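Hello,

Here is the structure I promised to pass on. Please open it first, then read my notes below.

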Amino acid sequence: LASVTAAAAAELGLPRSDQGVRRAVLARIASADRGGGPSGLPAGALARRYEQFHAESEVLIPAVRGALSQREVPLPTLGSLVDRSQALTASHLRNTLEETEWLPAAARRLGAVAASAFGAGFGGSVWALVEAGRAREILAEWSRAYAEEYPHRQAHARFFAMESPPPGACSVV
């Protein structure tokens, strides 16, 4: 998808993030997006996936990178961008579970700056970014809320906090 987006942007003389590029790529994939093909995907699935890819790769990630590069990170902006990414994953990729949709929302309600599911889909993990001084409190509340909401899954859940990145994860580019 990245190469298709780059080719359309070059052909149109527009930045890859431009909505004209998005529309051009969607028009190109429309004929293959009628459903019932060898992939077994329903009609519209390719368009939904491309919409998510374009928003994530060309709009949200550059905006998060911009927010993180500021001297004072605008935390509400960061939270909103991550919320949008999580929402698109659920609505467009449709590869989340009830729990991996519930957990980020619960973390945000409890005071997390940002939270999102990650992994290969249909399972995976959830992260939450919280103020260091509230990390233990939010972690305990989050774990307790999960156990109440999903008592049958709680035995398999692991909640933990990291206060600084481990060796090797030293910067975000």
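**Salt bridges**

The count of salt bridges comes to seven. Please keep in mind that this is a predicted model.

Start with E11 and R28. Their side chains meet in a salt bridge, at 2.9 Å from N to O. The pair links distant parts of the chain: E11 is in helix 1 (residues 2-12), R28 is in helix 2 (residues 19-29), and they are 17 residues apart. E11 counts as exposed because its relative accessibility is 59%. R28 is partly exposed, with a relative accessible area of 39%.

Next, D83 and R108. Their side chains also form a salt bridge, at 2.8 Å from N to O. D83 sits in helix 4 (residues 75-93) and R108 in helix 5, so this pair too links distant parts of the chain, 25 residues apart. D83 is partly exposed, at 29% relative accessibility. R108 is partly exposed as well, with a relative accessible area of 28%.

Then E99 and R153. The closest N and O atoms of this salt bridge are 3.0 Å apart. E99 lies in helix 5 and R153 in the segment after helix 6, so the pair ties together parts that are 54 residues apart in sequence. Is E99 buried or exposed? E99 counts as buried, because its relative accessibility is 12% and the cut-off for buried is under 20%. R153 is partly exposed, with a relative accessible area of 35%.

**Overall layout**

The protein chain has six helices and two strands. From the N terminus on, the order of elements is α-α-α-α-α-β-β-α. The C-alpha atoms fill a box of roughly 50 × 45 × 30 Å along the principal axes. The chain has 173 residues, and 31% of them count as buried. It exposes about 10500 Å², with carbon and sulfur atoms supplying 56% of that area. Take the contacts between residues at least 6 apart in sequence: 46% of them join residues at least 24 apart.

**Cores**

The largest nonpolar core has eleven residues: W102, L103, A106, A107, A112, A115, A117, V126, W142, Y146 and Y150. Helix 5 (98-109), strand 1 and helix 6 (135-149) each supply at least two residues of this core. Which element gives the largest share? That is helix 5, with four residues. A second, separate core has eight residues, including A9, V25, L26 and F53.

**Aromatic rings**

There are six aromatic pairs by count. In one of them, the rings of W102 and Y146 have centres 6.2 Å apart and planes at 50 degrees, so the pair is tilted. W102 is in helix 5 and Y146 in helix 6, 44 residues apart. Both W102 and Y146 are buried.

W102 also pairs with Y150. Here the ring centres are 5.6 Å apart and the planes are at 80 degrees, so the pair is edge-to-face. Y150 lies in the segment after helix 6, so its pairing with W102 in helix 5 ties together parts 48 residues apart in sequence. Y150 is buried, like W102. Ring pairs join W102, W142, Y146, Y150 and F159 into a cluster.

Leaving out residues up to four places away in sequence, Y146 touches E99, W102, L103, P151, R153, Q154, A157 and F159.

**Surface**

F118, W127 and L129 make a nonpolar surface patch of about 280 Å². F118 belongs to strand 1 (residues 114-118). F118 is partly exposed, with a relative accessible area of 47%.

Best regards

Note on methods
Residues are numbered from 1 along each chain as its sequence is written. This is a predicted model: local features need pLDDT of at least 70, side-chain atom pairs count only at pLDDT 80 or more; totals for chains, interfaces and linings use all residues. Side-chain values use heavy atoms; hydrogens and water are left out. Patches are made of residues with over 30% relative accessible area and no salt bridge: like charges are joined within 9 Å, nonpolar side chains (Val, Leu, Ile, Met, Phe, Trp, Tyr) within 5 Å. Accessible areas come from the Shrake-Rupley method with a 1.4 Å probe; for residues, only the protein chains shown count as cover. A salt bridge is a side-chain nitrogen of Lys or Arg within 4 Å of a carboxyl oxygen of Asp or Glu. Buried means under 20% relative accessible area, exposed over 50%, partly exposed in between (1.4 Å probe, protein chains only). A nonpolar core is a set of buried Ala, Val, Leu, Ile, Met, Phe, Trp, Tyr and Cys residues joined through side-chain atoms within 4.5 Å. Contact means heavy atoms within 4.5 Å. Rings of Phe, Tyr and Trp (its six-membered ring) pair if their centres lie within 6.5 Å; planes under 30 degrees apart count as stacked, over 60 as edge-to-face and the rest as tilted.
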